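User: Can you take me through the side-chain packing in this one? I'd like to go contact by contact.

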Amino acid sequence: MLSARLLLLAVLSATACWADPPQNNPTQAPPPGPIPSPTPAPSPTTPSTTPTTTAPHWISRWFDPDTAPFIPVPEIGVDPNSGVTVGLIPTWLHSNDDHEIDRIIAPDILYNPNFGVGVHGRIYGYSSADEQWSVVGGIKERVERQFDAEYQVGRSRQDAWSFNTSVIFDRSGVPRFYGIGNETPMSAQTNYTDQQEDVQVQAGRNLTHEWQLLYTGRFMNVDVLPGTLASVPTIQSRFDRVIGLGTSQQLLNRVSIVYDTRDDLTIPTRGVQLVAYGGLASRTGLLDDSMYSETGGDGRAFWPIAPDSILVGHLAIRYLPTSHAVPFWALSDIGGDTSVVGGEQPLRGFGEGRFYDRDSFSSSVEFRRKVLSFDAATTSIDVELTPFIDVGRVYARTSTDPLSDLHRVYGVGFRGIAKPFVVGYVDIGYGTEGVAAFTGLNYPF
């Protein structure tokens, strides 16, 4: 799971700033003309008093993308729950012979007012359209720790099988909880520290290029600990009886049938992806529904309606037909900027996990319009302007109309794209609780 917020967006911004305009191309020969007269040297007995404006070589080479040891990228992370994080990302980009980014090395040093100074190390590998991998690790002065590793192979479904494996350790101090239900008030906001150890394996049997039978196995060990934010009450102070405090474990077994005609997995411009799934979650490590059973669907459609213009639609619905003392974090939830099949769904005017309940419905529409393209120092960059609408709700009873009492968000997104594998974004949404801004990697859906 590529979790370095704003990294690639900042990289794309930096490459835009470092693009060489034609008139300044250092390899371009000067126009023909008379040879200028040599400038007389200053008299050895009369020192020259003319000030020099030439920067030292060691400084000037840092501002030349052909000689700089790395790109010093400013980091600005924005999130309703995390607040503003600032830092510096010294970034190394490696491109293949086709000028496509195939590796990114991007450590950082950052500061967040809630958690102090932090450092991260990141490596993203884009070996091919069929194989990708990433390793991310980080630590801050207070509370937060992170390690993510992911490996994917068979992404293009050219062979009989596709595999995805990820290992995650994450200790976050920013999660919020407002209670359970579709109308939980902002005034009920609490904070908790979420520590998770996750291992997930996905194996897909490719029946055809479009049809896939997918198995997902995921083990989670979750610790919900007291919050540490001074300005927000801790979860135990208001919801001391909610299920899920302390340590909980979950083993999820899920089977999905997938129909996918998208022309690209990372930057699609046409086609659909339809997923229907069912699963069992247990707290005993056995294949049973001792925690809950689940069923649902997820659909994404891409229509090219004009040159450089794509209309994108997304719909997700999730039900828990049976449930037995389900931790609140395992319920259906909406809020934030990310769509995960069978998991959290976007509502970009609210923070992540804003609304929890047994079942959920979510839908979004985006109009992705390319407004600018240019050649940067290492690759070609496209910039998109994307107005969007998100709607969604959570509910406790299967008989509830999912289209009633919807939360609505209206907003606009800005995306930087370095084909074929890299997308960074800034999304700004407005809902009933005000404006929320998000930065991240990859399209929200």
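**Packing, rings and charges**

Analyst: This is a predicted model. Tyr292 touches Gln250, Leu252, Gly279, Leu280, Ala281, Arg318, Leu320, Thr322, Ser323, Val326 and Ala330, not counting residues up to four places away in sequence.

User: Which residues touch the most other members of the largest nonpolar core?

Analyst: That core has 20 residues, and Phe177, Tyr192, Ile235, Tyr292, Phe328 and Trp329 touch the most other members. The strand that gives the most to this core is β11 (residues 211-226), with 3 residues.

User: What does the second core include?

Analyst: The second core is separate and has 15 residues, among them Ile89, Tyr124, Phe421 and Val422.

User: OK, aromatics. How many aromatic pairs are there?

Analyst: The count comes to 9 aromatic pairs. One of them is Tyr192 with Phe328, which is edge-to-face, at 5.4 Å centre to centre and 90° between the planes.

User: Where do Tyr192 and Phe328 lie?

Analyst: Tyr192 lies in strand β10 (residues 190-206), while Phe328 is in the loop between β15 (309-319) and β16 (332-334), so the pair ties together parts that are 136 residues apart in sequence.

User: Is Tyr192 buried or exposed? And Phe328, buried or exposed?

Analyst: Tyr192 has a relative accessible area of 4%, so it is buried. Phe328 counts as buried because its relative accessibility is 1%.

User: Which residues are in the ring cluster?

Analyst: Phe177, Tyr192, Phe239, Phe328 and Tyr356 are linked into a cluster by ring pairs.

User: What about Phe355?

Analyst: Phe355 forms an edge-to-face aromatic pair with Phe350, with 5.5 Å centre to centre and 65° between the planes. Phe350 and Phe355 are both buried. The charged end of Arg354 also sits over the ring of Phe355, 4.4 Å from its centre.

User: Which ring does the charged end of Arg348 sit over?

Analyst: The ring of Phe388, with the charged end of Arg348 3.8 Å from its centre. Arg348 is also part of a network with Glu366, Arg368, Asp390, Arg415 and Asp427, joined by salt bridges that share partners.

User: How many salt bridges does a search of the whole structure find?

Analyst: The search finds 17 salt bridges. Lys140 and Glu144 form one of them, at 2.9 Å, N to O, and both residues are buried. Arg262 and Asp260 meet in another, at 2.8 Å, N to O.

User: Why does Arg262 count as buried?

Analyst: Arg262 counts as buried because its relative accessibility is 18%, and the cut-off for buried is under 20%. Asp260 counts as buried at 6%.

User: What about Asp308 and Lys370?

Analyst: Asp308 forms a salt bridge with Lys370, and their closest N and O atoms are 3.4 Å apart. Asp308 lies in the loop between β14 (292-306) and β15, and Lys370 in strand β18 (residues 359-375), so this pair ties together parts that are 62 residues apart in sequence. Asp308 is partly exposed at 43% relative accessibility, and Lys370 is partly exposed with a relative accessible area of 26%.

User: Which residues does Asp357 touch?

Analyst: Leaving out residues up to four places away in sequence, Asp357 touches Ile180, Gly181, Leu331, Ser332, Val394, Tyr395 and Ala396.

Notes: Residues are numbered from 1 along each chain as its sequence is written. This is a predicted model: local features need pLDDT of at least 70, side-chain atom pairs count only at pLDDT 80 or more; totals for chains, interfaces and linings use all residues. Side-chain values use heavy atoms; hydrogens and water are left out. A nonpolar core is a set of buried Ala, Val, Leu, Ile, Met, Phe, Trp, Tyr and Cys residues joined through side-chain atoms within 4.5 Å. Buried means under 20% relative accessible area, exposed over 50%, partly exposed in between (1.4 Å probe, protein chains only). Helices (H or I, at least four residues) and strands (E, at least two) are DSSP runs, numbered from the N terminus. Contact means heavy atoms within 4.5 Å. Rings of Phe, Tyr and Trp (its six-membered ring) pair if their centres lie within 6.5 Å; planes under 30 degrees apart count as stacked, over 60 as edge-to-face and the rest as tilted. A charge sits over a ring if NZ of Lys or CZ of Arg is within 6 Å of the ring centre and within 35 degrees of the ring normal. A salt bridge is a side-chain nitrogen of Lys or Arg within 4 Å of a carboxyl oxygen of Asp or Glu.
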